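Work through the exercises below with the coordinates open. Try each task before you read its solution.

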Amino acid sequence: MYEGVVQDLIDELGRLPGVGPKSAQRIAFHLLATDPADIARLQDVLGKVADGVQFCEICGNVSEHPKCRICRDERRDLTVICVVEEPKDVLAVERTREFKGRYHVLGGALDPLSGIGPEQLRMRELLKRIGEADISEIIIATDPNTEGEATATYLVRMLRDFPGLSVTRLASGLPMGGDLEFADELTLGRALSGRRAL
């Protein structure tokens, strides 16, 4: 336990996701030893994030403008929407350079134990987008965990009655470069059930 503001800094850093007590302490002492100009730049960036970052009015992605760069891009396919949980998932899909449609960020996944139901997610906004535009396909790209699967199942039930709308789910299975002997039963089972003809 340290005194005053140093302990406060460690405590605040420890509240960040993925930062445990030891990492928080290392970061705090790194900041204490950092040049004041670097600290000022960090403060400036944190202030700009708090004041200048907003969520896209169409898809819910982070943006500096009312519409994110993807929703402003006229070359994107307006008829296909990839539904993801968080803005960081948009970046993950974009890195593949395979998807040319638009996104819809839910803002999380269904988790009744934590009090997150459909009302806390951007599900109504998705229904509104489908109702207002000529959408042909919804790709569900939620995480392959319990919450992500529950969210995907809920979305499939919610969207199956839209005429002419194809609802698909990202395939899941074995990672490239992986060995079968190290795959868990669930992953291997999904890979088998999701196999495709060559």
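**Exercise 1. Helix packing**

At what angle do helix H6 and helix H7 pack, and how far apart are their axes?

Solution. The model is predicted: local features need pLDDT of at least 70, side-chain atom pairs count only at pLDDT 80 or more, and totals for chains, interfaces and linings use all residues. Residues are numbered from 1 along each chain as its sequence is written, and side-chain values use heavy atoms, with hydrogens and water left out.

Step 1. Locate the elements. H6 covers residues 123-132 and H7 covers residues 146-159. Helices (H or I, at least four residues) and strands (E, at least two) are DSSP runs, numbered from the N terminus.

Step 2. Take the geometry. The angle is about 35 degrees, and the axes lie 12 Å apart. Axes are lines fitted to C-alpha atoms, for helices over the stretch in contact; angles run from 0 to 180 degrees between N-to-C directions.

Step 3. List the contact (heavy atoms within 4.5 Å). H6 supplies Met123, Leu126, Leu127 and Ile130, while H7 supplies Thr151, Tyr154, Leu155, Met158 and Leu159.

Step 4. Sort the residues. Eight are nonpolar, one is polar and none is charged. Here Ala, Val, Leu, Ile, Met, Phe, Trp, Tyr, Cys and Pro count as nonpolar, Asp, Glu, Lys and Arg as charged, and the others, Gly among them, as polar.

**Exercise 2. A histidine in a strand**

Is His104 buried or exposed, and which backbone oxygen does the side chain of His104 reach?

Solution. Step 1. His104 sits in strand E4, residues 102-105.

Step 1. Check accessibility. His104 has a relative accessible area of 0%, so it is buried. Buried means under 20% relative accessible area, exposed over 50%, partly exposed in between (1.4 Å probe, protein chains only).

Step 2. Find the polar partners. The His104 side chain reaches the backbone oxygen of Arg122 at 2.7 Å. A polar contact of 3.3 Å also links the side chains of His104 and Arg129. Such a contact is a pair of N or O atoms within 3.5 Å; within protein, one must be able to donate a hydrogen and the other to accept it, and residues adjacent in sequence count only if both atoms are side-chain atoms.

**Exercise 3. The whole chain**

How many helices and strands are there in the protein chain?

Solution. Step 1. The protein chain has eight helices and six strands.

Step 1. Compare the radius of gyration with the globule rule. The value is 21 Å, well over the 16 Å that the rule gives for 198 residues, so the protein chain is more spread out than a compact globule. The radius is taken over C-alpha atoms; the rule is 2.2 Å times the number of residues to the power 0.38.

Step 2. Buried residues make up 29% of the 198 residues.
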